[in-house]
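Subject: Structure for your review

Dear colleague,

Please find below the structure that I am handing over to you. My notes on what was found in it follow directly after.

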Amino acid sequence: MDTTTNDLAHLFLQLGLESEQSAIETFIMEHSLPSKMQLHEAPFWNTAQKHFLVESLAQDAQWSEVIDHLDTLLRKP
């Protein structure tokens, strides 16, 4: 049984990114998604990250809510 906490910091760890709050805030400020682009289609992900995002959402995995939250944060008005 996986007991990993499902929050942005741990999602960033799963994606191989820096997980400190300041690094997460910087990532969100430096990246954005156009309204019609799906999260996994963003050019800033590598192949493994894209695969993780697609698989997690397809399986409605434990990360789905946090991935959806990240998607929302990356959509700038």
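At what angle do helix 3 and helix 4 pack, and how far apart are their axes? In this predicted model, helix 3 (residues 47–58) packs against helix 4 (residues 64–73) at an angle of about 125 degrees, and the axes lie 9 Å apart. Helix 3 is therefore oblique to helix 4, since an angle must be over 145 degrees to count as roughly antiparallel and 65 to 115 degrees to count as roughly perpendicular. The crossing of helix 3 with helix 4 is left-handed.

The residues that form this contact can be listed by helix. Helix 3 contributes F52, L53, S56 and L57, which meet S64, I67 and D68 of helix 4.

As for the protein chain as a whole, its secondary structure consists of four helices and zero strands. Along the sequence, the order of elements reads α-α-α-α. The C-alpha trace spans about 40 × 30 × 20 Å along its principal axes. The radius of gyration of the protein chain is 12 Å, which agrees with the value near 11 Å that a compact globule of 77 residues would have. Of the 77 residues, 32% are buried. Regarding contacts between residues at least 6 apart in sequence, 59% join residues that are at least 24 apart.

Two individual residues also deserve a description.

The first topic is Q49, which is located in helix 3. Q49 counts as buried because its relative accessibility is 8%, and the cut-off for a buried residue is under 20%. Leaving aside residues up to four places away in sequence, Q49 touches L15, L17 and F44. Between Q49 and Q14 there are 35 residues of separation in sequence, while their C-alpha atoms are 8.5 Å apart in space.

The second topic is S19, which is found in the loop between helix 1 (8–14) and helix 2 (21–30). Is S19 buried or exposed? With a relative accessible area of 17%, S19 is buried. When residues up to four places away in sequence are not counted, S19 touches A9, F12, L13 and I24.

Yours sincerely

Technical notes
Residues numbered from 1 in each chain as written. Predicted model: local features only at pLDDT ≥ 70, side-chain atom pairs only at ≥ 80, totals over all residues. Heavy atoms only, no water. Axes fitted to C-alpha atoms, helices over the stretch in contact; angles between N-to-C directions. Helix = DSSP H or I, 4+ residues; strand = E, 2+ residues; numbered from the N terminus. Parallel < 35°, antiparallel > 145°, perpendicular 65-115°, else oblique. Left-handed = near helix turned anticlockwise from the far one by under 90°. Contact = heavy atoms within 4.5 Å. Buried < 20%, exposed > 50% of the residue type's maximum accessible area, 1.4 Å probe, protein only. Rg over C-alpha atoms; globule rule 2.2 N^0.38 Å.
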